[in-house]
Amino acid sequence: MKIPTVQIPITEIPLEKNIQLFLKREDLIHPHISGNKYWKLFYNINNYLAKSPENPLLITFGGAFSNHIAAVAALGKEENIPTLGIIRGEELQEKWCENPTLKLAHDNGMQFRFVTREDYRKKVILTRNFFEEFPNALIIPEGGTNENAVNGIQHMLPEETKSFDYLCTAVGTGGTVAGISKFAAENQQVLGFKTVDDSSLNDTVFELSERRNFKLLEAHDGGYGKISEENIRFINNFKAKFDIQLDPVYTGKMMRQLFTMIESDYFPPGSKILAFHTGGLQGIFGANELLKKQKRELIKIG
Ligand SMILES: *Cc1c(COP(=O)(O)O)cnc(C)c1O
């Protein structure tokens, strides 16, 4: 994988307050390997390919709407490496082609193994079994979080990010916020917006970053992947007002919580805040299919 030449804009979101808020558009880094996933995969893939493995293969794990699955499939296609996705939910075996994420991953050449939720939870055993079956493969953990992933995040923090007081990101498995924490400047405070109701995340992030400059805040809004009416309305209003598309699982939840905090004066006057748009826009298609079935308001796209 190369360091992309695309310029990542840092866009101001105008506020009626003495607070400056900017959005760093990591979603624009690559059309299919969006946002933080590009950098989380960067050293994992490059270290693997540097060993010139025979019969290379990428294996990874994810749910039916996973941005990480979509990213690994697209990357495999681009780098010409076969990919195998271990997907949670046996029932998808029969109907995966109705799922936009899995359909796109398949179009990018990914093969699937569907496993029951119970087996999926036993990831250590699953990983060992796949390692025995495919000894040459690179097995990337769910969400791509490991030490290499954390180190890749440093590329999201170029010089022009150093003047901000706060760095904000959505949190799933914690690799991205750990990387931001690890590579933040001395005076910067890192805020992670948890989209998963998981009390072990604080320890996970500290283990990876080894710094105490971060704080994790609740932003799951009913649970991981759950989409509330307020969430949809916020995303649609944000799009109409600032012409930037947010996703319902990560960046929409982060920005809504961040706006609430700004309104309630969490940040001292004069603060400069940088939020990372980590991408995930492919997930909107799957979300809208569900919302349509439930006869609910859709997320506007395009
Ligand atoms: C995966 C993902 C995250 C969370 O990243 P972690 O490193 O797993 O915490 C945030 N935003 C988007 C859009 C993602 O796809």
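A residue is near a molecule if one of its heavy atoms lies within 4 Å of that molecule. This is a predicted model, in which local features need pLDDT of at least 70 and side-chain atom pairs count only at pLDDT 80 or more, while totals for chains, interfaces and linings use all residues. Residues are numbered from 1 along each chain as its sequence is written, and side-chain values use heavy atoms, with hydrogens and water left out.

**View 1. The shell around the ligand.** The ligand is surrounded by 16 residues, with K37, K40, T173, T176 and T278 the closest. By class, 3 of the shell residues are nonpolar, 11 polar and 2 charged (Gly counts as polar; Asp, Glu, Lys and Arg count as charged).

View 2. A polar side-chain atom of T173 lies 2.6 Å from a ligand oxygen. For T176, a side-chain N or O atom is 2.7 Å from an oxygen atom of the ligand, and a polar backbone atom of G172 is 2.7 Å from a ligand oxygen. The protein covers 98% of the 380 Å² of accessible area that the ligand has on its own (Shrake-Rupley method, 1.4 Å probe).

View 3. Two or more shell residues come from each of α1 (36-50), β7 (166-171) and α7 (175-183) (DSSP runs, at least four residues for helices and two for strands). Helix α1 gives the largest share, 3 residues. The ligand lies between domain 1 (10-32 + 156-294) and domain 2 (37-140), because both give residues to its shell; the bounds come from an automatic or database domain assignment.

Key:
Polar contact = N/O pair within 3.5 Å; in protein donor to acceptor, adjacent residues only side chain to side chain.
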